[in-house]
Amino acid sequence: MKNIPYLMLCLAAVIFFSACSSDRETPVAIGNEQQILHVGNGDEPSDIDPHITTGVPEFHIQQAVFEGLVSKDPKNLAIVPGVAERWEVSEDGRLYTFYLHPEAKWSNGDDLVAEDFVWSWQRALKPALGNQYAYSLFLIKNAEAFYTGDITDFSEVGVKALDKHLLQVELNSPTPYFLQLLDHHSLYPVHRPTIEKFGSIDARGTPWTRPENFVGNGPFTLKDWVPNQIISVKKNPEYWDAESIKLNEIHFHPVQQSSTEERMFRAGQLHILRQLPTGKIDVYRKEHPEVLRTFLNFATYFYRFNTTKPPLNDVRVRQALAYSIDRHQITEHVTKGGQIPAYALTPPSEFYTPSAKMPYDPEKAKALLAEAGYPNGEGFPKLTILYNTMDEHQKIALVIQQMWKQALNIDVTLENQDWKVFLASQRSMNYEISRASWLGDYYDPNTFLDLMITDGGNNETGWSNARYDELIQLAANASDPTERNRYFDEAESLLVDEVPILPIYTYSWNMAVATSVKEWHNNVMDYWSYKNVYLTSETK
Amino acid sequence: MFGFILKRVAQAIPVILIVITATFFMVRAAPGGPFDEERAVPPEVTKQLNARYNLDAPVWQQYSDYLLNLLRGDFGPSFKFPSRSVDEMIAAGFPITFELSMYAIIFALLIGVVAGVIASLRANTLQDYVPMSAAMVGICLPSFVLGPLLLLSFGIWLDWLPVSGWGYTPGDKILPSITLGSSYAAYIARITRGSMLEVLSQDYIRTARAKGLSTFRIVTVHALRGGITPVISFLGPAMAGLLAGSFVVETIFQIPGLGRFYVQAAFNRDYTMILGCTIFFAVLIIIFNLLSDIVLVWLNPRLRQDSVKRG
């Protein structure tokens, strides 16, 4: 009889839990029927104003609710029409004429015209707006001068509306990747009347991006936004190509932790798992290969050397450090997520593959170190590898520490810092060796090689080479692709010879996509396109 | 009583001022600014942004401007979320964190007090050892372990409850509340057991027993009133700890509460958001401590006399 309260408690628990019903329909199953796509989307978006944000999660939403002059085919990244239905390029490659789609409209039904682009780009270049990506417009004639205040009349900047549907853009130099940049959020058009309703052209942080106020021009438009919970977008019936949109809604879930995201995917709350936790990749490979998508990224993981600090100011020391890294060991046994060893800064691509290679040659490394005055590592000062706090970076640093000990008999220490502290240390050159990565902004070698020009904002190694700067400049003015690649290749060899940076691997991305999602294509730029995506009712 | 409250409120003001001042200067002293990104931006851009958010003014002026705005109840705009104000984000996130914490504390009280009472009645038997060992495990098991464990069992294997979200279905509030409340339940169980054992050995309990009252009546009417006092004084700090410490649970269960905003703000160097949340939580902690003191005084006549004398 004593046990009656316990039995009652157990009974209550059973009733309670079974009331929570086990045959709930998952959001994915409901979404499949109603064409609602659920996507894991990383951090909470800071905003969706395309001229203010800087992050990838924001861009994923902007790609749904805005559209640039051109768009990309997610299968092969080929340029396809966006707001512009066609365009012409002058022979010298500096003058572009865009013919806007006559049916192009804003989500409130207003016509989208050439003047909208002129006004939007003027806004993007207004200093008071605080656009951190303003420089991506600097390849337009006089854009930089307007930004810095050297000219104040925007009509002097190389962008003009010739008539309602005709837009002309004049560049500083022939820029083969200009069309690609048009798809970047900093060049998206914004709706003037909406923005002016809430403030001046350069008012930062007005509520125009709230769902109740928002007007965009993408295939979808903003429906709902609950911070840290969900951003949802719905089909935009005013979109010029509304027929090719099959989804009714996309729900972007801001999930910071990849382990949480993975559980949501398994429980049928997400169609798209943006980033599989490293530890789970093997499990998915074996048990759910049908949902796993592994693909290379146009991005490089590398180490920076502070070339102003001895002994790293000696090129032989840097070479010795570089030649003693066995990258295969790292990609096969540490990262294990489909990464490939990188022997140069620019990742290989179908249009350019660097010919120079930083070899793995521990014997040569030893000889170089001896030549630099440290035979068998004797007298070599203790250097520190700096990285931002994260398990993956620590593992790699540990392996590299081991490799240097084995090949060169030198000791290095490891130091981790919180992200913002790490950025500040790197920027102020307060480091010796530092972990780094670069994700291409556009699909062209220039996005990588431009990093290392003298005093470039992202150089951060103190390295400088006049010939290198000249080559990057020559490439910028070259209109022949073969000639341009030759300049890039020579520049790349300079990097490989002088080793201001130590490339380690080319990134790969591991995503999981439910099998009910059709026409979802992955590519090296991790560029998302929702236009033709649709859902079938089959289970995952 | 009124004098007592007034005195405590007066004591709180300098505490809050110290919190504001220390936080204000500490966030600015931390390396890395709110607008530092992996990609270096041209210096002109940084200059514009600093001007926009008053970061180019001398620090003492920023400080006095901040205090003046604070007097008007304005925590300022968030640096990370340009179109949102700190006030707005606290107003959006706090009710959720509060709701979660209330469920957690109710869960903790229900389980903790019942387990503690049972254990104290059957001291040094199996019915004491089992719940008390469970409590020990509960105290030791951090929420970032318990949360995923519960999720895997009830969310994925049994598929009874959703693994994330808040407010979509009533079921999605169960696991986070249990995760957040369990270690407090464990503490409460141990505290209850200890103080109940003490109370049960008192003379007036023996008298009650001698009068032939049932155990149930002795516990609920006579013993619990005294036995629960330490639990009440524990509740104030516990509630504050729950509110400020819900971050882990909010992250695991994907709950849009204030805890997540707060911790993200620190990583983002979102100065105004860090300050706003810190001040807000400081005030809350002071309020909850005060409330638990008031309840304590009200429950315990001896303290009431004291507070009248002191107050």
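Across the interface of chain A and chain B in this predicted model, the rule finds 3 salt bridges, a salt bridge being a side-chain nitrogen of Lys or Arg within 4 Å of a carboxyl oxygen of Asp or Glu. Asp418(A) forms a salt bridge with Arg269(B), and the closest N and O atoms of this pair lie 2.9 Å apart. On the side of chain A that touches chain B, the elements giving two or more residues include helix H1 (4-19), helix H8 (258-266) and strand E16 (433-439) of chain A, where helices (H or I, at least four residues) and strands (E, at least two) are DSSP runs numbered from the N terminus. The most comes from H14(A), with 6 residues.

In all, 57 residues of chain A are in contact with 52 residues of chain B, contact meaning heavy atoms within 4.5 Å. The two chains bury about 5,200 Å² between them, 53% of it on carbon and sulfur atoms; buried area is the accessible area (1.4 Å probe) that two parts lose on being put together, summed over both.

Within chain A, strand E4 (residues 84-89) and strand E5 (residues 95-100) run antiparallel and are joined by 5 bridges, and strands pair if DSSP finds at least two bridges between them. Ala84(A) has Leu100(A) as its bridge partner in E5(A). The two strands form a hairpin with 5 residues between them, and Gly93(A) in the turn has a positive phi of about 75°.

Residues are numbered from 1 along each chain as its sequence is written, and chains are lettered from A in the order in which they are written. Local features need pLDDT of at least 70, side-chain atom pairs count only at pLDDT 80 or more, and totals for chains, interfaces and linings use all residues, while side-chain values use heavy atoms, with hydrogens and water left out.
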